[in-house]
Amino acid sequence: MEYQCIDLQTGARVFHFGPVHGTNNIGEFLAIVHALALLDKMGNKTKTIYSDSYNAMLWVNKKQCRTKLERTPQTEQLYQIVARAERWLATHQYSNPIIKWETKQWGEVPADFGRKG
């Protein structure tokens with residue numbers, strides 16, 4: 001699993017994380033929280049965040065990553081990162097819209113890595 005953020009206005013990569021052993025939904029969840037935290041640091045409360053993962057958007061809304069990924073020595077570091085993201089959500093307010101990326105209408109989300117078959 002890995003994730004990145006692409007600025008839709010410029011096409012520039014804003015951040016990248018991974019690869020690590022994990023799931024796509026965890027990656028989407030972490031990407032949203034990472035983007036929210038970065039925008040919060042910048043004082044930007046209005047920029048829209050897009051994700052093609054309903055699950056990740058729901059997890060962010062609930063402030064909890066509800067993954068079924070087994071917790072093992074291989075995934076422990078990722079679980080620590082997830083816990084940090086959940087703590088951020090629990091302790092910060094945000095107003096940035098989080099919108100579902102409509103793949104059928106708009107094509108693949110630019111932050112994807114082009115690996116879908």
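This chat goes through aromatic contacts in a predicted model.

Biologist: How many aromatic pairs are there in the whole structure?
Modeller: A search finds six aromatic pairs. One of them joins phenylalanine 29 and tryptophan 59.

Biologist: What geometry does the pair of phenylalanine 29 and tryptophan 59 have?
Modeller: Edge-to-face. The distance is 6.2 Å centre to centre, with 65° between the planes.

Biologist: Where do phenylalanine 29 and tryptophan 59 lie?
Modeller: Phenylalanine 29 is in helix 1 (residues 24-42), and tryptophan 59 is in helix 2 (residues 54-62). So the pair ties together parts that are 30 residues apart in sequence.

Biologist: Is phenylalanine 29 buried or exposed?
Modeller: Buried, and tryptophan 59 is buried too.

Biologist: Now tyrosine 50 and tryptophan 101. Why is that pair edge-to-face?
Modeller: Because the planes are at 90°, and over 60 degrees counts as edge-to-face. The ring centres are 5.5 Å apart.

Biologist: Which parts of the chain does that pair link?
Modeller: Distant ones, 51 residues apart. Tyrosine 50 is in strand 3 (residues 49-51). Tryptophan 101 is in the loop between strand 4 (98-100) and helix 4 (103-106).

Biologist: And why does tryptophan 101 count as buried?
Modeller: Its relative accessibility is 9%, and buried means under 20%. Tyrosine 50, at 34% relative accessibility, counts as partly exposed.

Biologist: Switching topic. Which residues form an aromatic cluster?
Modeller: Tyr3, Phe15 and Phe17 form one.

Biologist: What lies over the face of tyrosine 54?
Modeller: Lysine 100, at 5.0 Å from the ring centre.

Technical notes
Residues numbered from 1 in each chain as written. Predicted model: local features only at pLDDT ≥ 70, side-chain atom pairs only at ≥ 80, totals over all residues. Heavy atoms only, no water. Phe/Tyr/Trp six-rings, centres within 6.5 Å; stacked < 30°, edge-to-face > 60°. Helix = DSSP H or I, 4+ residues; strand = E, 2+ residues; numbered from the N terminus. Buried < 20%, exposed > 50% of the residue type's maximum accessible area, 1.4 Å probe, protein only. Lys NZ or Arg CZ within 6 Å of the ring centre and 35° of its normal.
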